[in-house]
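Okay, thanks for coming, everyone.

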Amino acid sequence: MKIFEQFERSRGWSGDETLVLDQVRRLAADRIAPRAEHHDRTGEFPWDNVRALNDLGLNALFVPEAHGGAPMSYRLYLEVVKIVSEACASTGIIYATNFHGMKPLIDFGSDEQRGRLLPRIAEGGLGSLAITEPDAGSDATGMKTRFTPDGDAIVVEGGKTFITSGDVADLILLFGKWSEIPDPRQAISVLVLEKGTPGFEVVRREEKMGHHASSTATLAFNGCRVPRANLVGAPGDGLRILLASLNKSRPSVAAHALGIARAAFRDMIAYGNDRRQSGRRIVDYQGNQFLIADLASELAMTEVWLDHVAALVDGGSSDFGIEASIAKLRASDLAMRMATEAVQLHGGYGYCRDYRVERLMRDAKITQIWEGANQIHRQLIGRSFVSK
Ligand SMILES: Cc1cc2nc3c(=O)[nH]c(=O)nc-3n(C[C@H](O)[C@H](O)[C@H](O)COP(=O)(O)OP(=O)(O)OC[C@H]3O[C@@H](n4cnc5c(N)ncnc54)[C@H](O)[C@@H]3O)c2cc1C
């Protein structure tokens, strides 16, 4: 692991950032990782971990100071996601989803909205991002949820599916179509739906292959009256906000996937150095060394690329969509490959629940599907090289 330790030392974290990272690493090692197997087995929502993250004030990392936060760099936020996800992928995605849901409000909301809504998140509230519908997955523009203005309110009718933390969130950033705009793409709009709004219903929670402790909900909006004051931007601003927001949430899911990849790599190396067959350690076989070499190289390169994307964001760039897609694509494909190879290297033991790699393989799969399935990212990246 020397190369990764050296890489970590070279990253130049400030004193304050080092303090945060040390606290997060301790929390992940002492409390989050030891409970991950329990949360995976029972599917209990990890409220204990959410409280522990909030005790460190981790939501405040991305909330502006004026609204109760203590913002630090995007790179630091990504590293926190990575560390928490390495310890427990479910907890990692719950934390990251607060950012995914609330960052568009931070970037595109009015001062009044930020001042009214963000302190709840800075204090530890849960956020959620609701885009997907049963007939609108990869093509989100096909969404049917309808926003109809009615005096000081907007009436919301429709439903969303696969919404991370949708059943437990305090604030849901909800995309739908403005009834008075006929063009289906230009009609996309976005508002904040607050917990307890009458007409809001949790229809079901999915039973999933992995991420058992992160809830994934189907939601219905039966004539929910949302104050007009909760509309983010103007009617029809939704698609622009959606695309800009995904550019910042995709590196975040890349960090989550890299957390899983790091965990699988660690377990693979530890087991391979310990397990002996035919009188030699598993890692002594050259075929396995070649595999480890490929995976270590890929892990190192993907970590560096994610830092590059973070530097673009922290530097104020707004043109980093393809870089974000590359990070998401490579990190998630790596997480899946790393976890699968880690199971393989554990032999039959890897297929059994006694070893963490079994969970990591189940947790890794979704990273290739959400926040734009990887086919979509390949299209986006490929298209960017086609001359106009
Ligand atoms: C556990 C979980 C959590 C989630 N959390 C959230 C959340 O918090 N908020 C939210 O809004 N959504 C969430 N999602 C939804 C997720 O983003 C979608 O599942 C994803 O975008 C894919 O949409 P789909 O499932 O409808 O698949 P489809 O779009 O139907 O795609 C099916 C397959 O076809 C491929 N495909 C589709 N279009 C093309 C194309 N043009 N070219 C080539 N291949 C194509 C896809 O890559 C995929 O392999 C979550 C999903 C899961 C399972």
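So, overall size: for 388 residues, a compact globule would come out with a radius of gyration near 21 Å, and this chain has 21 Å, which agrees. Bear in mind throughout that this is a predicted model. Along the principal axes, the C-alpha trace spans about 80 × 50 × 40 Å. In terms of secondary structure, we've got eleven helices and ten strands. Buried residues account for 47% of the 388 in the chain. And if you take contacts between residues at least 6 apart in sequence, 74% of them join residues at least 24 apart.

Let's start with a pair of helices. Helix 5, residues 89-108, and helix 6, residues 111-122. Their axes come within 10 Å and cross at roughly 160°, which makes helix 5 roughly antiparallel to helix 6, since anything over 145 degrees counts that way. The crossing is left-handed. On the helix 5 side you have Asn 98, Met 102, Leu 105 and Ile 106, and they meet Gln 113, Arg 114, Leu 117, Leu 118 and Ile 121 of helix 6. By class, that contact has six nonpolar, two polar and one charged residues. If you look at the spacing, remember that an α-helix has 3.6 residues a turn, so residues three or four places apart point the same way.

Is it buried or exposed? Buried: Ile 121 has 26 C-beta neighbours inside 10 Å, and the cut-off is 20 or more, so it counts. Leaving aside neighbours within four places in sequence, Ile 121 touches Asn 59, Val 63, Asn 98, Met 102, Gly 127 and Leu 171. Take Asn 59 from that list: Asn 59 and Ile 121 are 62 residues apart along the chain, yet their C-alpha atoms are separated by 6.6 Å.

Next, helix 10, residues 356-365. Eight of its ten residues are buried, so helix 10 is largely enclosed by the rest of the structure. The buried ones are Arg 356, Val 357, Glu 358, Arg 359, Leu 360, Met 361, Asp 363 and Ala 364. And what covers them? The cover includes helix 2, helix 5, helix 7 and helix 9.

That brings us to helix 9, residues 321-345, which also packs against helix 11, residues 374-383, at an angle of about 140° with the axes 9 Å apart. That makes helix 9 oblique to helix 11. This crossing is left-handed too. Helix 9 brings Ile 322, Ser 325, Ile 326, Lys 328, Leu 329, Ser 332 and Asp 333, and helix 11 brings Asn 374, His 377, Arg 378, Leu 380 and Ile 381. By class, that's five nonpolar, four polar and three charged residues.

Most residues other than glycine have a negative phi. His 211 has a phi near 50°, though, and isn't a glycine. You'll find His 211 in the loop between strand 6 and strand 7. Ser 278 is the other one, with a positive phi of about 55°, sitting in the loop between strand 9 and strand 10.

Notes:
Residues numbered from 1 in each chain as written. Predicted model: local features only at pLDDT ≥ 70, side-chain atom pairs only at ≥ 80, totals over all residues. Axes fitted to C-alpha atoms, helices over the stretch in contact; angles between N-to-C directions. Helix = DSSP H or I, 4+ residues; strand = E, 2+ residues; numbered from the N terminus. Parallel < 35°, antiparallel > 145°, perpendicular 65-115°, else oblique. Left-handed = near helix turned anticlockwise from the far one by under 90°. Contact = placed C-beta atoms within 7 Å. Nonpolar A, V, L, I, M, F, W, Y, C, P; charged D, E, K, R; others polar. Buried ≥ 20, exposed ≤ 12 C-beta atoms within 10 Å, placed from the backbone. Rg over C-alpha atoms; globule rule 2.2 N^0.38 Å.
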